[in-house]
Amino acid sequence: MKLDTIISIKKEVIKALLEKLSEALSLAERQLEQARQGAIEAPGRMQSRYDSAKQEFSYLAESYQKRIFQIKNEISTLEEWKVRQTSKEIVDVGSLVETEEDRNKKKSFYFILPAGAGEIVKNRRLRKTITIISVKSPLAKELLNKRVGDSLVIASRKLTITCLH
């Protein structure tokens, strides 16, 4: 594939990832508001000695606030991160890595990014599903600095790198 095609595909994947993160942010903000409302409406300890709903809703709201902060940071990181040409020789941050599992010959695509880990994005041009992995993930740590043809073992699965973009 041509370099500009690969860069375009990576930009499409990041755009789709940002859309997913924006949806997750909206959901978390709605959930935060519901938890806050629940904390306001729940009976307090003065009304019921055994009722801890107010405190539980408060804990829930706090966890949603943390999630919102995390999602905003991920969005900001991805918006500032520039898609660039990566080596076709060595896996690096920004690499789109194709692997093949030795056991069943199943092919998988991984995009190593600084944020957005765990999301799965479908790309129409590649006709593939791409899993976003963080540079901090065990899989990315194993992939980084490897070359096409190198193998690695993750969770008792042997993967071989078949292509780098």
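Modeller: Helices (H or I, at least four residues) and strands (E, at least two) are taken as DSSP runs, numbered from the N terminus. The model is a predicted one, in which local features need pLDDT of at least 70, side-chain atom pairs count only at pLDDT 80 or more, and totals for chains, interfaces and linings use all residues. Residues are numbered from 1 along each chain as its sequence is written, and side-chain values use heavy atoms, with hydrogens and water left out.

Colleague: Where does S52 lie, and is S52 buried, partly exposed or exposed?

Modeller: S52 is found in the loop between α1 and α2. Buried means under 20% relative accessible area and exposed over 50%, with partly exposed in between (1.4 Å probe, protein chains only). The relative accessibility of S52 is 21%, and therefore S52 counts as partly exposed.

Colleague: How far apart in space are S52 and A42, C-alpha to C-alpha?

Modeller: In sequence, S52 and A42 are ten residues apart. In space, their C-alpha to C-alpha separation is 8.6 Å.

Colleague: Are α1 and α2 roughly parallel or roughly antiparallel to each other?

Modeller: Helix α1 (residues 3-41) and helix α2 (residues 53-80) pack with their axes 8 Å apart and at an angle of about 160°, where axes are lines fitted to C-alpha atoms, for helices over the stretch in contact, and angles run from 0 to 180 degrees between N-to-C directions. Angles under 35 degrees count as roughly parallel, over 145 as roughly antiparallel, 65 to 115 as roughly perpendicular and the rest as oblique. The two helices, α1 and α2, are therefore roughly antiparallel.

Colleague: Which elements do the buried residues of α2 pack against?

Modeller: The buried residues of α2 are A61, Y64, I68, I71, E74, I75 and L78. With contact meaning heavy atoms within 4.5 Å, these buried residues of α2 pack against α1 and β2 (107-113).
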